[in-house]
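Me: Please take a close look at a single part of this model, then connect it to what lies around it. Keep it brisk, and give the cut-offs for the terms you use.

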Amino acid sequence: MDFSLSENQLLLQEQVGKAVRCLVPMERLRRAGQEGDRFAADVWEGFCDLGIPGLLVPERYGGHGLGLLDAVVVAEELGRCATPCAFLGSVVAAPIALIEAGSPEQQATLLPEIALGTLRVGIAVSEPLAGARHDARIHVRNGLLTGRSLFAVDVAGAHRLLVADHAGGLFLVDTLARGLTMQYLETVDCTRQAFEIVFDEVPADPLPGAGPPVLERLGDTLRLALAADILGASGHMLREAVAYAGTRQQFGRPIGSFQAVKHLCADAAAELEPGRALLWYAAHAFDLALQDSHVCALHAKAYLSEAGRVVARNAVEVHGGIGITDELGLHYWFKRINWSAQLYGGPTALREQAWLAQASLEQSR
């Protein structure tokens with residue numbers, strides 16, 4: 001089975017990487033940290049020029065009709081630059097949810113706008129995917145949503161919210177709807193926003209085909225996109241560490257010539273690289289709807305979350321005291337890796353889910 005990147009995917013990776021590095025220099029990243037809950041309109045315009053919003057939207061609705069493996073390739077480049085802009089909601093979650101559970105009318109109306117980037121969608125699905133904190137959950141009564149959702153992402157600048165209730169139903173909510181309150185949550189990662197959203201009998205548009213199987217597929221897409229982001233961010237930190245070790249002099253020699261520093265960099269590379277194959281296979285399995293796609297998605301996110309933390313820690317240690325200063329800026333990637341590792345389930349919780357999913361898979365055979 002060959003699930004390595006095609007020539008077109010390598011070209012996509014190269015072009016997106018070049019463009020995003022121009023869109024998000026270090027000065028732009030620092031500004032994102034100061035702006036907090038503001039929508040990065042300039043970066044989103046750059047996304048639209050590249051056609052990123054239409055990656056997963058079928059061609060008949062004006063998109064590119066690509067697969068999740070292509071989105072994963074793009075997500076890795078966004079993580080490599082710690083890109084402070086919406087991606088999970090509008091580019092990944094919303095098209096997948098509409099394709100798999102939307103009505104023909106919803107697809108015909110919303111997917112073309114998503115492909116153009118004129119409709120942006122935030123997501124409030126943390127509780128059914130990763131468990132409820134502080135009793136936060138969403139209930140449906142008479143077609144109206146009531147409850148609270150924590151760690152909703154891509155909310156700033158969004159026109160709609162994709163919301164999951166505790167039973168696995170999916171709904172689209174207008175961000176200007178009555179009864180909706182959105183509060184910015186400050187987290188360690190200032191490159192990706194989080195919100196608390198309170199619903200007080202908010203009118204919602206249900207996706208008629210939604211249910212636990214679709215929510216499981218949606219969770220897989222989000223976790224794989226985050227795993228790719230971690231891979232890209234970790235790759236950046238490792239590259240910076242190796243470059244610094246080759247130039248920083250101590251006792252008349254580059255510090256990279258010392259065995260202890262060599263081992264820090266080598267251990268980080270050895271931890272990270274196997275995750276790439278696991279990630280690509282999991283995305284490939286998702287696109288082909290293979291039986292083990294859910295289990296592989298859980299393992300890919302769990303593995304890269306742990307490997308990313310090792311890389312982030314080692315990279316900071318190689319840099320010594322300046323490794324966490326704002327002058328260097330490495331902390332933006334360090335914090336993004338740790339926030340991504342927890343979003344939609346940490347490694348331990350995901351491995352428990354994978355064990356249960358694997359047992360269920362074995363019983364069905």
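Reply:

L180 stands opposite F199 in β7. This is a predicted model, so local features need pLDDT of at least 70, side-chain atom pairs count only at pLDDT 80 or more, and totals for chains, interfaces and linings use all residues. Residues are numbered from 1 along each chain as its sequence is written, and side-chain values use heavy atoms, with hydrogens and water left out. Strands (E, at least two residues) and helices (H or I, at least four) are DSSP runs, numbered from the N terminus. Strands count as paired if DSSP finds at least two bridges between them.

Start with the sheet itself. It is open and has four strands, in the order β2-β3-β7-β6, with antiparallel pairing. The edges are β2 (138-141) and β6 (180-185). Each of these has a single partner strand, so one side of each is left without a neighbour in the sheet. From one strand to the next, the twist averages 10°. The axes behind that angle are lines fitted to C-alpha atoms, for helices over the stretch in contact, and angles run from 0 to 180 degrees between N-to-C directions.

Now the individual pairings. Strand β7 covers residues 194-203 and runs antiparallel to β6 over six bridges. M182 has I197 in β7 as its bridge partner. Strand β3 (residues 144-152) also pairs with β7, again antiparallel and over six bridges. There, V198 in β7 is the bridge partner of R148. In a regular strand, side chains alternate between the two faces of the sheet.

Other strands pair too. β1 and β4 are parallel, over four bridges. A124 has V163 in β4 as its bridge partner. β4 and β5 are antiparallel, over five bridges. In β5, L170 is the bridge partner of A164. The hairpin of β4 and β5 has five residues between the strands, and G168 takes a positive phi near 95° there. How enclosed is β4 by the rest of the structure? Largely, because four of its five residues are buried. Buried means under 20% relative accessible area, exposed means over 50%, and partly exposed is in between (1.4 Å probe, protein chains only).

The buried residues in α6 are Q106, Q107, L110, L111, I114 and A115.

α6 spans residues 104-116, 13 residues in total. From first C-alpha to last, α6 reaches 19 Å, close to the 18 Å expected at 1.5 Å a residue. That expected span is 1.5 Å times one less than the number of residues. At L110 there is a kink of about 30°, shortly before the proline P112. The bend at a residue is the angle between axes fitted to the seven residues ending there and the seven starting there. Just after α6, G117 takes a positive phi of about 85°.

Last, the charged pairs. The whole structure holds 16 salt bridges, each a side-chain nitrogen of Lys or Arg within 4 Å of a carboxyl oxygen of Asp or Glu. One joins E76 to R276 (3.0 Å, N to O). E76 is in helix α4 (residues 68-80) and R276 in helix α9 (residues 259-287), so the pair ties together parts that are 200 residues apart in sequence. E76 is buried, at 1% relative accessibility.

K18 and E14 meet at 3.4 Å, N to O. Both lie in helix α1 (residues 7-23), four residues apart, about one turn of the helix. K18 is partly exposed, with a relative accessible area of 43%. E14 is partly exposed as well, at 41%.

R31 bridges to D42, with the closest N and O atoms 3.8 Å apart. This pair links distant parts of the chain: R31 is in helix α2 (residues 26-35) and D42 in helix α3 (residues 41-50), eleven residues apart. R31 is partly exposed at 38%, and D42 is partly exposed at 33%. R31 and D42 also belong to a salt-bridge network with R28, E35 and R38.
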